[in-house]
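Dear colleague,

I am handing over the structure we spoke about, with the sequence alongside. Please look through it first; my notes follow below.

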Amino acid sequence: MHQNKPQAKHQTRSLAIFCKVVDNYGDIGICWRLARQLENEHGVAVTLWVDDLPSFKRICPEVAIDRDEQQIAALTVRHWPDQDGVFAAVDVADIVIEFFACDIPPGYITAMAQCNPRPVWLNLEGLTAEEWVEGCHTLPSPHPRLPLTKYFFFPGFTNNTGGLLLESGLEQQRRQFQSDPSAMATFLARFGVTPAEMAALKVSLFCYPQAPVAKLFEVWQASDTGITCLVPEGVAADAVQTFLGQDAKAGTAATRGALTVRVLPFVPQPDYDKLLWACDLNFVRGEDSFVRAQWAGKPFIWHIYPQDENLHHKKLNAFLKCYAATIENLHEFSLAWNGAKTETIDWDATWTQFQADMPRISLMSINWQRQLLSNGDLASNLLKFADTVR
Ligand code: TRH
């Protein structure tokens, strides 16, 4: 079945990823991206177990939401409806990844313990720039009863972590796209973006509902120069609907003052990259779009996933400290955007100062990318680690 696949560079042949969609699209977004890269670039036979096919379909239109098992882009997707199920040792993959400690089915764990040799079992954790990650990356956690060991695998921003997801051809594709204005114009025109909107400052907007979007829209309307804000359907719905004066459906747009807001459909993952590459500034959120914005090489603002007791503010500060220690206006804007400032925010000044620093941020992002690249990519690092513990 896989005779045309590249030779596996590692000892691994098969790999299973278990993904539980907690909310939104990041969980399946990350697992799907990792699965594709392992299959395409490393010749690994991947089975992706996922509990929520409709969410998956939003970022991958080929998904059939009523199928228990399907082949998509040469890998196997299995619907994982519950924790029950009997598995035999032959069902078990050489590497088993549970995403975000999602508790894989007990029957599968029992079958893992019956395998000889035993599979490599990894818990792929969430991304944070906090320093403790380096101490926890690859730590073993022996099973209390069975002869199995699970290892923690952390993505991250330093070479003492697993690195970030990055497909091998991505950088070249990005450069080619960004050096071809007509390719960018053709891409954006698909969503109805006009030449005048194209010539303005182009901003993509992906954030959680609590982001102060209405405040920013007010400032942008009064801007001296044109701003085009491209927002996927369903994002910042209240502010967008108020601005448009109608339902924020894909294809709708309105201009007030200097600002045009245009609603885009939710696009497949590869097109989302192109959107980030084509814009001058990207607002991103969660984990996966946040990482893609870093590879896009454009200024970006991160809306971090909110957590209880404002734990996320600590994570935000940890990232800003390593990403943009010297660019105060980026810090200020990021903290304001994430509700992490106690004083009242002058949005006009915060935006103006941030915008003035955008050329500096673009330059800095080249060095940042270089530093990230020196950590290797997550998929390759994961396979290398698996080889060392097999
Ligand atoms: O959707 P997110 O907020 O996802 C997550 C989840 O909430 C998760 O539970 C949490 O743990 C994590 O954030 C931190 O944001 P994220 O991570 O950016 O994922 C969005 C995915 O959707 C990403 O793979 C990009 C993709 N996407 C598209 O494919 N097309 C689009 O048009 C857009 C806007 C996004």
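Please keep in mind throughout that this is a predicted model. To begin with the sheet: in what order do the 8 strands of the open sheet lie? The order is 3-4-2-1-5-6-8-7, and the pairing within this open sheet is mixed. Strand 3 (69-72) and strand 7 (140-142) stand at the edges, and because each has a single partner strand, one side of each is left without a neighbour in the sheet. On average, and with direction ignored, neighbouring strands of this sheet are turned by 25 degrees against each other.

Within the sheet, strand 2 (residues 45-50) pairs with strand 4 (residues 75-79) in the parallel sense, over 4 bridges, and Val 50 stands opposite His 79 in strand 4. Helix 1 (residues 26-42) lies across strand 1 (14-19), strand 2, strand 3, strand 4, strand 5 (95-99) and strand 6 (120-124), and helix 1 runs at about 165 degrees to strand 2.

The other point concerns a pair of helices. The axes of helix 14 (residues 347-356) and helix 15 (residues 358-373) come within 4 Å and cross at roughly 50 degrees, and the two helices are therefore oblique to each other. Helix 14 contributes Phe 354, Gln 355 and Ala 356 to the contact, while helix 15 contributes Met 358, Pro 359 and Ile 361.

Methods: Residues are numbered from 1 along each chain as its sequence is written. This is a predicted model: local features need pLDDT of at least 70, side-chain atom pairs count only at pLDDT 80 or more; totals for chains, interfaces and linings use all residues. Side-chain values use heavy atoms; hydrogens and water are left out. Two strands pair if DSSP finds at least two bridges between them. Axes are lines fitted to C-alpha atoms, for helices over the stretch in contact, and angles run from 0 to 180 degrees between N-to-C directions. Contact means heavy atoms within 4.5 Å. Angles under 35 degrees count as roughly parallel, over 145 as roughly antiparallel, 65 to 115 as roughly perpendicular and the rest as oblique.
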